Amino acid sequence: MKNLLFVFILATLFSCQQSSHKTEKVHQDSTSATTAKTDACNWMKKNVEGYFNSDDQSIMETMTTADYFDYKMDAINLDLDVDGSLSEDEFKKKWSSKFNTDYAGKGVGFLISAQDWGSIQVSTCDVIHEDASSITLKSIISDCEFQTDYHREITLLKENNSFKIKDVKEFD
């Protein structure tokens, strides 16, 4: 009976030690996830708001990956009567292997679907998914002056301690 009690006590102590190691690991993972979210959201706030407060529209190209920039430019110019514009079918054929073309924001501007805007702010920024190379954020970009919200799912590529917009799903 004493041997059984001794084994039970040892098992209990061992499980408690394992539990404390797991708690430390969860805390470390939580801290790094919080840091990544904070960094990504700070980058979004600074760059998105900076873009809309600037007269320099070429900033878009520096904020995005080359593929996303080309994709979004094709989406903006879809079905226009200008050189290089694509039809809907051409657009899908060209980009559907890399992007979900249903959420491209076709025929509208970068990050918001309005041609004119007032005071743009990143209102919310929540992590949906993160891996070693990217982080996906559920964001609301608000135009405070025109009282309009734009719901976006923005994937950022982690690059050299910074980020670049890799994809944007536009839901409205």
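**View 1. Contacts of Asp74.** Apart from its neighbours within four places in sequence, Asp74 is in contact with Leu86, Phe91, Lys94 and Trp95. The model shown in this and the following views is predicted. Asp74 belongs to helix H3, which comprises residues 66-76. The relative accessible area of Asp74 is 13%, and the residue is therefore classed as buried, a term that applies under 20%.

**View 2. The side chains of Asp74 and Trp95.** One of the residues in contact with Asp74 is Trp95. The side chains of these two residues, Asp74 and Trp95, are joined by a polar contact of 2.9 Å.

**View 3. Leu111, a loop residue with a positive phi.** Leu111 is located in the loop between helix H4 (88-95) and strand E1 (120-130). Its phi is near 70°, which is a positive value in a residue other than glycine. Is Leu111 buried or exposed? With a relative accessible area of 0%, Leu111 is buried.

**View 4. Gln147, in the loop between strands E2 and E3.** Strand E2 (134-143) and strand E3 (148-159) are the two elements between which the loop holding Gln147 is found. Although Gln147 is not a glycine, it has a positive phi of about 50°. The relative accessibility of Gln147 is 72%, so this residue counts as exposed, the class for values over 50%.

How values were computed
Residues numbered from 1 in each chain as written. Predicted model: local features only at pLDDT ≥ 70, side-chain atom pairs only at ≥ 80, totals over all residues. Heavy atoms only, no water. Helix = DSSP H or I, 4+ residues; strand = E, 2+ residues; numbered from the N terminus. Buried < 20%, exposed > 50% of the residue type's maximum accessible area, 1.4 Å probe, protein only. Polar contact = N/O pair within 3.5 Å; in protein donor to acceptor, adjacent residues only side chain to side chain. Contact = heavy atoms within 4.5 Å.
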